Amino acid sequence: MLSKELQARREELYGLMGRLPGRNNPIHCKKVSEKDCGSYILECLVLTIETTEGEPHTEPIPAYFARPHGEGVFPAVLFNHSHGGMYDVGKDELLSPASYMYKPSYAEALTAQGYAVLCIDQWCFGERGGRMEENTYKEMLWKGEYMWGRMVYDNLRGLDYLCSRPDVDASRIATLGMSMGSTMAWWTAALDERIKVCVDICCLTDFDALIMRDNLNYHSIYYYIPNLLLHFSSSQINSLIAPRAHLATIGIYDGLTPLEGVDRIEREVGEVYGKFDAADKFSVLRYPNGHRESAEMRADIMAFIKKYL
């Protein structure tokens, strides 16, 4: 019964994301180029989604797909890039880590362990840049669309593409990211059960704690969905991932993740995992740093993915 309740809540959460194109609209992929990057093969792609009359418009979605050398059917990771005000970076973060991320890049680290990796450019980032984030948010709002909803939608469609590839094992897919990418990881995993492992880095943020700390400015405008708190807390969204494997890594000096909120999420989500007899699959690890991925974090993340994927 609990699984059916979670599915109903997933549908409710999806319904709060504003006006969206059809969830099952056909998606197409064009391979722009392919190159050998030494330790992995990199495909540069453009995804396009068909829409019907009356639906919100879509735009081409540039993406990277990195895979190990050789033939095979690979487990895969949906990588979500961060924000950091670096609108010109986007998916390039997969190849070249942001200053607050540990090296080597996740393209190198994951392909070395036998995983393929997909990362898309989100709205206003990378090849989709050139427009002000605030202007995009306002225009969407006028049209009944919410920027975060459109971003999550595109990520879910990226997952659809990933699962369609013959060289990807669709039964073994994880998602991870840092900061904005962390939030994207737990939203994507909450909404889609095809994600078997979720790893969020430095952004398991409790909404109420963020309000109490008066830290709402720590997240840019993209983050905010009208009426969300009338229906869901952070814990309730994260509970939708149960009983699948979920690791959250927290910097104890990180203003984006007030510790009292992290404690609340750990307690409340842990109770849901307990009902599934899966308490060992949900873990919140704290580290003596701020909004930064440390060497210790990276080691724990890679071990977690190896264990559950």
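1. The residues lining the largest cavity of this predicted model divide by class into 5 nonpolar and 5 polar, with no charged residue among them. The lining consists of Phe-79, Asn-80, His-81, Cys-119, Ile-120, Gln-122, Asn-155, Met-180, Gly-181 and Met-184.

2. Strand E4 (74-80), strand E5 (116-120) and helix H5 each give two or more residues to that lining. The largest share is that of H5, with 3 residues.

3. On volume, the largest cavity holds about 50 Å³ of space. With a threshold of 30 Å³ or more, the count is 1 cavity.

4. Helix H5 (residues 180-191) also packs against helix H4 (residues 147-164): their axes come within 10 Å and cross at roughly 65°. Angles of 65 to 115 degrees count as roughly perpendicular, so H4 is described as roughly perpendicular to H5. The crossing of the two helices is right-handed.

5. On the H4 side, the contact is made by Trp-148, Met-151, Val-152, Asn-155 and Leu-156. H5 contributes Met-180, Thr-183, Met-184, Trp-187, Thr-188 and Leu-191. By class, this contact has 8 nonpolar and 3 polar residues, and no charged ones.

6. The helix contact and the cavity lining share residues. Asn-155 of H4 is part of the contact with H5 and also lines the largest cavity.

Key:
Residues numbered from 1 in each chain as written. Predicted model: local features only at pLDDT ≥ 70, side-chain atom pairs only at ≥ 80, totals over all residues. Heavy atoms only, no water. Axes fitted to C-alpha atoms, helices over the stretch in contact; angles between N-to-C directions. Helix = DSSP H or I, 4+ residues; strand = E, 2+ residues; numbered from the N terminus. Parallel < 35°, antiparallel > 145°, perpendicular 65-115°, else oblique. Left-handed = near helix turned anticlockwise from the far one by under 90°. Contact = heavy atoms within 4.5 Å. Nonpolar A, V, L, I, M, F, W, Y, C, P; charged D, E, K, R; others polar. 1 Å grid on protein atoms, 1.4 Å probe; cavity = no way out; pocket = protein on both sides within 12 Å on 5 of 7 lines; lining within 4 Å. Points joined across faces, edges and corners; volume = space filled by probe spheres on them.
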